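Good morning, and thank you for the time. Please look at the sequence and the structure as they come up.

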Amino acid sequence: MWRIRDRATFDELRRSRLRVRHGPISVTFVPDAGTDPPRVAYAVGRRVGTAVVRNRLRRRLRAIVAEQEQAGVLAAGAYLVAVRPEAAVLSFEELKTTVTSAMTRVQQLGSR
């Protein structure tokens with residue numbers, strides 16, 4: 001799994017209509033026909049909480065997405081996982097269920 005760093009990919013994500021919101025999690029997806037591994041970016045704004053809270057949430061998100069990639073669940077493409085402040089109070093299992101559900105739904109939209 002790679003991180004998204006280039007402006008062009010962020011521009012594609014902004015224009016993408018493949019977006020799913022599930023609770024406090026929003027996932028945007030741009031499918032890629034190539035054989036590259038999935039690329040993921042995380043948007044955790046200051047409204048979510050202090051730096052400690054934001055970093056803990058980002059680490060949890062990375063662990064959840066890495067687990068999904070190892071399981072072979074993620075399709076090739078670029079993902080943007082954005083969180084609202086309510087995500088900071090979710091337990092790891094609730095966060096995992098929410099993120100997994102949102103990513104599955106956005107991939108289903110992309111395969112249509």
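I begin with histidine 22, which lies in strand β2; helices (H or I, at least four residues) and strands (E, at least two) are DSSP runs, numbered from the N terminus. What we are viewing is a predicted model, in which local features need pLDDT of at least 70 and side-chain atom pairs count only at pLDDT 80 or more, while totals for chains, interfaces and linings use all residues. Residues are numbered from 1 along each chain as its sequence is written, and side-chain values use heavy atoms, with hydrogens and water left out.

Histidine 22 counts as partly exposed, at 26% relative accessibility; buried means under 20% relative accessible area, exposed over 50%, and partly exposed in between, with a 1.4 Å probe and protein chains only. Not counting residues up to four places away in sequence, histidine 22 touches Thr98, Ser101, Ala102 and Arg105, where contact means heavy atoms within 4.5 Å.

Consider threonine 98 next, in helix α3, residues 92-111. Threonine 98 is buried, with a relative accessible area of 10%. The C-alpha atoms of histidine 22 and threonine 98 are separated by 6.3 Å, although the two residues are 76 apart along the chain.

Five strands form an open sheet in the order β1-β4-β5-β3-β2, with mixed pairing; two strands pair if DSSP finds at least two bridges between them. β1 (2-3) and β2 (19-22) stand at the edges, each with a single partner strand, so one side of each has no neighbour in the sheet.
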